[in-house]
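Please open the model in a viewer and keep the selection panel at hand.

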Amino acid sequence: MQLIKTHDIGLGWCARMYDTGEMCISHDATSYHLTIPKESVDTLTDIVAQIRNERAEHDLREWAKEN
């Protein structure tokens, strides 16, 4: 398993993505960590993409109303 990306997500939390598709979320101060399997990471990715698409559609509708 090889680390491919690390990102500080704020308030002491860090997300690490691995080439296996797994993600580890950890908190420095508490040493807490959660390893999320690839299938769950994929599901979360799909959920976030759907939310972004819905927001973009909403913003476009609002923009169209204003113009």
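Contact, as the word is used on this tour, means heavy atoms within 4.5 Å. Helices (H or I, at least four residues) and strands (E, at least two) are DSSP runs, numbered from the N terminus. Axes are lines fitted to C-alpha atoms, for helices over the stretch in contact, and angles run from 0 to 180 degrees between N-to-C directions.

The model is predicted, so local features need pLDDT of at least 70 and side-chain atom pairs count only at pLDDT 80 or more, whereas totals for chains, interfaces and linings use all residues. Residues are numbered from 1 along each chain as its sequence is written, and side-chain values use heavy atoms, with hydrogens and water left out.

Begin by selecting the four strands, which form an open antiparallel sheet in the order 1-2-3-4. Two strands are said to pair if DSSP finds at least two bridges between them. Strand 1 (3-10) and strand 4 (32-36) stand at the edges; each has a single partner strand, so one side of each lacks a neighbour in the sheet. On average, neighbouring strands are turned by 15° against each other, direction ignored.

**Strand by strand**

Select strand 1 and strand 2, an antiparallel pair with six bridges. Leu3 stands opposite Tyr18 of strand 2. Two residues lie between these strands in their hairpin, where Leu11 takes a positive phi near 55°.

Move on to strand 2 and strand 3, which pair in the antiparallel sense over five bridges. Here Trp13 has His27, in strand 3, as its bridge partner. The hairpin of these strands has four residues between them, and Gly21 takes a positive phi near 95°.

Next, select strand 3 (residues 23-27) together with strand 4; five bridges join this antiparallel pair. Cys24 stands opposite Thr35 in strand 4, and Ser26 has His33 of strand 4 as its bridge partner. Their hairpin has four residues between the strands, with Ser31 in the turn at a positive phi of about 60°.

**The helix**

Which strands does helix 1 lie across? Select residues 38-66 to display helix 1: it lies across strand 2 (13-18), strand 3 and strand 4, and runs at about 85° to strand 4.

The structure holds two salt bridges, a salt bridge being a side-chain nitrogen of Lys or Arg within 4 Å of a carboxyl oxygen of Asp or Glu. For accessibility, buried means under 20% relative accessible area, exposed over 50%, and partly exposed in between (1.4 Å probe, protein chains only). Lys38 is partly exposed at 37%, and Asp42 is partly exposed at 34%.

Then select Glu62 and Lys65, which form a salt bridge with the closest N and O atoms 3.4 Å apart. Both lie in helix 1, three residues or about one turn apart. Glu62 is partly exposed at 29% relative accessible area, whereas Lys65 is exposed at 66%.

**The surface patch**

Finally, select Ile9, Leu11, Trp13, Tyr32 and Leu34, which make a nonpolar surface patch of about 540 Å². Patches are made of residues with over 30% relative accessible area and no salt bridge, like charges being joined within 9 Å and nonpolar side chains (Val, Leu, Ile, Met, Phe, Trp, Tyr) within 5 Å. Accessible areas come from the Shrake-Rupley method with a 1.4 Å probe; for residues, only the protein chains shown count as cover. Ile9 belongs to strand 1 and is partly exposed, with a relative accessible area of 46%.
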